[in-house]
Structures are given as structure tokens and as C-alpha cells.
Amino acid sequence: MLQSLAGSSCVRLVERHRSAWCFGFLVLGYLLYLVFGAVVFSSVELPYEDLLRQELRKLKRRFLEEHECLSEPQLEQFLGRVLEASNYGVSVLSNASGNWNWDFTSALFFASTVLSTTGYGHTVPLSDGGKAFCIIYSVIGIPFTLLFLTAVVQRVTVHVTRRPVLYFHIRWGFSKQVVAIVHAVLLGFVTVSCFFFIPAAVFSVLEDDWNFLESFYFCFISLSTIGLGDYVPGEGYNQKFRELYKIGITCYLLLGLIAMLVVLETFCELHELKKFRKMFYVKKDKDEDQVHIMEHDQLSFSSVTEQVAGLKEEQKQKPRIATTSWEA
């Protein structure tokens, strides 16, 4: 008997705080996913980093042996300056791109990466004025971009998602939930094909040093706004039609970002995902809502009664004023 009572009380306790338990498991799962990613990246990339370090040490030692007139501090000073310039997008290699990093098309591409929060990092402002303007430009431009994307995605979603689902539901009598799921899957497949696979094939042809995997990697890193900057198109040696190519990439990033947001919004509108998200939200207490409503009603009722009492007093005072004026 006691065990059944204890079990029922535990069940009631869990049900009462179900949202908090789900949120706790969500936080724990996210932390474990972070740790899992760190373990995998470390185990996969650390051996390659070690090999690269050993190779660089051998090259440095061999170079100093072949050039005895050059000391190690001088070489490190030169390499440090070269690496610093490379971080700003300037290379000293003879086969590097001879194009400027801050012509109009490159600046337009940079502005799009800033406003979309992609931020490849291959080109950064050099001057203090450029850095200050980048801060002000981003503070105004990023919320402006969010407003622009929200408005565009809302309009596109109406024509691409809501109307087709409603049409098949009303015209053919299919279940709305089933039509929404099938439509979301098809829309995701079309988006992945048009903005990942096809552009990856195009980039693998236009970029000499990129294979299909690297091109697909660039598309995903860009449209997910991660923007690592290890692969940036249009920076190769003697790139043909570079200005037009940069403008095309800018348009691709904006259109791809809109398409990704439309797909995300389409999946978020699914009934099953809405129910799943509500598991982690804080539920409103009905008693608190009723208390607020009653307090509001009491305040409004008291204000009404005060107004009525004031009107009655004014009506009582009017005859008195009239009689006094008549007697006068």
C-alpha cells in the first residue's frame, strides 16, 4: 500500500514538473553532444596537425642549413610578418591572386558576409576607420537583415508552403498533417539539390583546387552561416571574370540563405515538431493567469464604480446649483 502511494506520488511529481525534467535532459544532451564533437574532432584532426608540425620543422631546419647567412630569428621575423599579412588577405606568393581585396565586388561580397553573419575571415578591415565603420555598419545592418529575411521568408512561405498544403487538403481531401510532412520532405530535397549538389558541382569545375566534397563543404558551411573561411571562391590565381563571379556568389549566398530559412520554417510548422518543442517550454500557470485576470477585473470594476459615483455626485450638485442661482 505504501509502495503504491509512493509510486503514485512520484508519478504525480514527475508529471507536475515534466517541462523542467525535459529541459534538464535537453541541456544534458546538448553538453554531451558538445563533448562528443570535441572528442571526434580531436581524434581525427590531431594526427594531421602533428604531421604538419613535423613537416614544417624539417623544412625550416633544411632551409636554415642551406642558407647559413640567415639566422633563425630573422627567418621567424619574416615568416611572422608574412603570416600577419596573410591573415589580412594579402599574400606574398608569386602565384597568388593579383586582384585587390577591397575593390567594389570584393567589398560587396564582404558586406554580404558581414550582414548574413557568415564572416569567412579571409578579408578583414585593415585601418581603424574601417574597423569602426564595420562595427557601426553591423549594429545597424544585422537587425535590418533579420527584418528583411523575416519579411521575405514570410511571403515566400505563404506561396510555397501554406497554400500548396491547404490546396491538397481541401481539393483532394488528404490529411493536412500528412500533406505537410510530405511537402516538407520534398521541399527539403529540392532545396538541397538546387543549393548544395548543383552549386557544389559548379564550384568543383570553376575552382581548380576544389573537388566535389570540398565544394559541397563550402556550400554547407556558407549557407549554415558557419563561415570558417578555409574555402573562399574567387580567390584563385588568374580567376576569369572575377567581378561577375563575386557578384554571382553574393546572390547565391542571399538566395540560399532565404531558401534555408523557408525550409526551416516549413519544418517548424509541422504539428509533430510543435508538440515536441512544447515539451521544453515553460508552461503558464493557470492559477496565476486567473489571479491576474481577477486583479484586472477588480481594478476595472473599481474604476467603473468610482466613475459612477462621481457622476451621481455631479447630478446631485447640479440641482443645488440651479436652486441657489434661482434664489439669487
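**Exercise 1.** Is V232 buried or exposed?

*Solution.* The model is predicted: local features need pLDDT of at least 70, side-chain atom pairs count only at pLDDT 80 or more, and totals for chains, interfaces and linings use all residues. Residues are numbered from 1 along each chain as its sequence is written, and side-chain values use heavy atoms, with hydrogens and water left out.

Step 1. Buried means under 20% relative accessible area, exposed over 50%, and partly exposed in between (1.4 Å probe, protein chains only).

Step 2. V232 has a relative accessible area of 12%, so V232 is buried.

Step 3. V232 sits in the loop between α7 and α8; helices (H or I, at least four residues) and strands (E, at least two) are DSSP runs, numbered from the N terminus.

Step 4. Contact means heavy atoms within 4.5 Å. Leaving aside neighbours within four places in sequence, V232 is in contact with F109, Y120, H122, W210 and K246. Y120 is 112 residues from V232 along the chain, and their C-alpha atoms are separated by 7.5 Å.

**Exercise 2.** Describe how α6 and α7 pack.

*Solution.* Step 1. Axes are lines fitted to C-alpha atoms, for helices over the stretch in contact, and angles run from 0 to 180 degrees between N-to-C directions. The axes of α6 and α7 come within 8 Å and cross at roughly 130°.

Step 1. On the α6 side the contact includes F195, P199 and F203, and on the α7 side F212, F216 and C219 are among the residues.

Step 2. Ala, Val, Leu, Ile, Met, Phe, Trp, Tyr, Cys and Pro count as nonpolar, Asp, Glu, Lys and Arg as charged, and the others, Gly among them, as polar. By this sorting, the contact has 13 nonpolar residues, 2 polar and no charged.

**Exercise 3.** Which residues have the most contacts inside the largest nonpolar core?

*Solution.* Step 1. A nonpolar core is a set of buried Ala, Val, Leu, Ile, Met, Phe, Trp, Tyr and Cys residues joined through side-chain atoms within 4.5 Å.

Step 1. The largest has 14 residues, and F203, C219 and L253 have the most contacts inside it. Helices α6 (176-206), α7 (212-223) and α8 (242-268) are the elements giving two or more residues to this core, and α8 supplies the largest share, 4 residues.

Step 2. Not counting residues up to four places away in sequence, L253 touches F109, T113, Y120, S222 and L223.
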